[in-house]
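Thanks for coming. I will walk through one model this morning, and you can follow along on the screen.

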Amino acid sequence: MDKKNRVKRIFDGISRRYDFLNHFLSAGIDFYWRRKSLKLTGISKNAKLLDVACGTGDFAIAAKKRGVDQIIGADLSINMLKIFNKKRDWSNGNVVQSVAEEIPFKDSSFTNITVAFGVRNFFDILEGFKSFFRVLELRGKVTILEFRLPSNSMIRKLYSFYFNTVLPKIGKVISKDKEAYTYLPESVNEFDEKINIPELLTRAGFSNIENHSLTFGIVQVVIAEKL
Ligand SMILES: C[S@@+](CC[C@H](N)C(=O)[O-])C[C@H]1O[C@@H](n2cnc3c(N)ncnc32)[C@H](O)[C@@H]1O
């Protein structure tokens, strides 16, 4: 099965348990990471925001809580979008089933794009970034929040133990899907070795790239501008 369909099947399958698992496995710190990313971006209340790989919508909802009201969520998985649309904090906002690599909007439609924990799942990251560049206005910004392998060797060991041993076990029991939570550490390890987000953003045309590290370097926030 190709990556696009494998990823779609995994997220369609775990959609109902995704939020619980996400907040439980990260001890709720994921809410802070999204808030901090928006703060680092300096997103304005007048932003026209596209939240790509929005899933059940926590990044879009965090932006809404900061006063942004023009928001569209886009995701490959229809089941994740269904959960998003049922959330009280969102109440049937705009969502569209779409892949990042082919965003169905006109050029220069948005001032901001956000992606949390989505990029490593894209089947073609460079194509995704090119499509972000196309739909952003001039001076528009993309904000990417993603896991990374920490550089400190002690923290790296703890992190690898948690991701490779603890998380798949808990994930399997709660999600009842063995593949979903072995896929996560696989994708984080592979991603960090092979993918350089700032480099790909530069190749897609972005400038002024900032790279921030949060929580002992286990997540990164990359912000880039279309100039
Ligand atoms: C780990 S979830 C993150 C959801 C949400 N952004 C959050 O912060 O909780 C990853 C999401 O990326 C979506 N996804 C994966 N590949 C995609 C692609 N190529 N285009 C659009 N969405 C994609 C999945 O369907 C899933 O909902």
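Start with a charge and a ring: the charged end of K226 sits over the ring of F133, at 4.8 Å from the ring's centre. Please keep in mind throughout that this is a predicted model.

From there to pairs of rings. How many aromatic pairs does the count come to? The count comes to nine aromatic pairs. A pair of aromatic rings is described by the distance of the centres and the angle of the planes.

Take W33 and F147. Their ring centres are 6.0 Å apart and the planes stand at 90 degrees; anything over 60 counts as edge-to-face, so this pair is edge-to-face. W33 belongs to helix α2, residues 29-41, and F147 to strand β5, residues 136-147, so the pair ties together parts that lie 114 residues apart in sequence. Are these two buried or exposed? W33 has a relative accessible area of 3%, which makes it buried. F147 is at 13% relative accessibility and counts as buried too, because the cut-off is under 20%. W33 and F147 are also joined with F117 by ring pairs into a cluster.

A second pair is F122 with F132. Here the centres are 6.2 Å apart and the planes are at 85 degrees, so this pair is edge-to-face. F122 lies in the loop between β4 (110-116) and α5 (125-135), while F132 is in helix α5, and the two are 10 residues apart. Both F122 and F132 are buried.

While we are in helix α5, look at S131, which lies in that helix. S131 is buried, with a relative accessible area of 7%. Between S131 and A63 there are 68 residues in sequence and 22 Å in space, C-alpha to C-alpha.

Now the ligand. Which residues come nearest to the ligand? There are 21 residues around it, and Y18, A53, D75, A100 and A116 come nearest. By class, the shell around the ligand is made of 13 nonpolar, five polar and three charged residues. Helix α1, residues 3-25, gives the largest share of that shell, with four residues.

A polar backbone atom of A100 is 2.9 Å from a ligand nitrogen. For A116, a backbone N or O atom lies 2.9 Å from a nitrogen atom of the ligand. With E101 the side chain is involved: one of its N or O atoms is 3.0 Å from a ligand nitrogen. Taken alone, the ligand exposes 600 Å², and the protein buries 99% of that.

Most residues other than glycine have a negative phi. A53 is not a glycine, and yet its phi is positive, about 55 degrees. A53 is placed in the loop between β1 (48-52) and α3 (58-65). At 23% relative accessibility, A53 counts as partly exposed.

A27 is another such case: a residue that is not a glycine, with a positive phi of about 55 degrees. A27 is found in the loop between α1 and α2. At 73% relative accessibility, A27 counts as exposed, because the cut-off for that class is over 50%.

K87 lies in the loop between α4 (78-86) and β3 (94-97). Is K87 buried or exposed? At 17% relative accessibility it counts as buried. Where does its side chain go? The side chain of K87 reaches the backbone oxygen of T56 at 2.8 Å.

R34 lies in helix α2, the helix that also holds W33. At 4% relative accessibility, R34 counts as buried. The C-alpha atoms of R34 and F110 are separated by 19 Å, and the two residues are 76 apart along the chain.

K106 is in the loop between β3 and β4. At 70% relative accessibility, K106 counts as exposed. K106 and R134 are 28 residues apart along the chain, and their C-alpha atoms are separated by 8.1 Å.

Methods
Residues are numbered from 1 along each chain as its sequence is written. This is a predicted model: local features need pLDDT of at least 70, side-chain atom pairs count only at pLDDT 80 or more; totals for chains, interfaces and linings use all residues. Side-chain values use heavy atoms; hydrogens and water are left out. A residue is near a molecule or strand if one of its heavy atoms lies within 4 Å of it. A polar contact is a pair of N or O atoms within 3.5 Å; within protein, one must be able to donate a hydrogen and the other to accept it, and residues adjacent in sequence count only if both atoms are side-chain atoms. Accessible areas come from the Shrake-Rupley method with a 1.4 Å probe; for residues, only the protein chains shown count as cover. Ala, Val, Leu, Ile, Met, Phe, Trp, Tyr, Cys and Pro count as nonpolar, Asp, Glu, Lys and Arg as charged, and the others, Gly among them, as polar. Rings of Phe, Tyr and Trp (its six-membered ring) pair if their centres lie within 6.5 Å; planes under 30 degrees apart count as stacked, over 60 as edge-to-face and the rest as tilted. Buried means under 20% relative accessible area, exposed over 50%, partly exposed in between (1.4 Å probe, protein chains only). A charge sits over a ring if NZ of Lys or CZ of Arg is within 6 Å of the ring centre and within 35 degrees of the ring normal.
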